[in-house]
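The following exercises are to be worked with the sequence and the coordinates at hand. Each task is followed by a stepwise solution.

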Amino acid sequence: MTILNINGKRRKTQLPADTPLLWLLRDELGLTGTKFGCGIAMCGACTVHLDGQPTRACVTSISAAEGKSIVTIEAIGQDATGKKVQETWLELCVPQCGYCQSGQIMAATALLKQKPQPDDADIDKAMSGNICRCGTYPRIRAAIKQAAGQAEAKS
């Protein structure tokens, strides 16, 4: 049995230790905000925070997450930075189809917690690997800047 700390709650699982964290979250716990995209850590749709670091849940085993704090999109709004990012995302109408947005929000929140005033290069680095098939990258950048308190014209 593995015990994990997910969104501030202790959760037990009998799944094999090598099971990807994504499947525990979605299939066992019903936390479906974390999306399956590519399964090889290339798209970012499955991003969660592991001890505050953006982590791809599709390639992270349950055993690798044991003993760490796991935060999913369902709980990111409980954090002041995460809440600000979510509010800004809505205000600027960032999502188009929305599929990738939980991963985008998780990556943006981690960035702003690590670097509260990111420049364009910081944003590019932190958000690389988070693919948006709809191409809302200009709105994503504007939302990150606005959440950071940096003035930027709305897209």
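The structure is a predicted model.

**Exercise 1.** Determine the contacts of Ser102 beyond four places in sequence, and decide whether Ser102 is buried or exposed.

*Solution.* Step 1: the residues that Ser102 touches, leaving out those up to four places away in sequence, are Gly33, Thr34, Lys35, Ala45 and Ile73. Step 2: the relative accessible area of Ser102 is 10%. Buried means under 20%, so Ser102 is buried. Step 3: Ser102 is located in helix H4, residues 101-114. Step 4: a polar atom of the Ser102 side chain lies 2.7 Å from the backbone oxygen of Gly33.

**Exercise 2.** Find how many aromatic pairs the whole structure holds, and classify the pair of Trp23 and Phe36 by its geometry.

*Solution.* Step 1: the search of the whole structure returns 1 aromatic pair. Step 2: Trp23 and Phe36 form an aromatic pair with 5.4 Å centre to centre and 35 degrees between the planes, and the pair is tilted. Step 3: the pair links distant parts of the chain, with Trp23 in helix H1 (residues 21-28) and Phe36 in the loop between H1 and strand E3 (47-50), 13 residues apart. Step 4: Trp23 has a relative accessible area of 31% and is therefore partly exposed; Phe36, at 34%, is also partly exposed.

Conventions: Residues numbered from 1 in each chain as written. Predicted model: local features only at pLDDT ≥ 70, side-chain atom pairs only at ≥ 80, totals over all residues. Heavy atoms only, no water. Helix = DSSP H or I, 4+ residues; strand = E, 2+ residues; numbered from the N terminus. Buried < 20%, exposed > 50% of the residue type's maximum accessible area, 1.4 Å probe, protein only. Polar contact = N/O pair within 3.5 Å; in protein donor to acceptor, adjacent residues only side chain to side chain. Contact = heavy atoms within 4.5 Å. Phe/Tyr/Trp six-rings, centres within 6.5 Å; stacked < 30°, edge-to-face > 60°.
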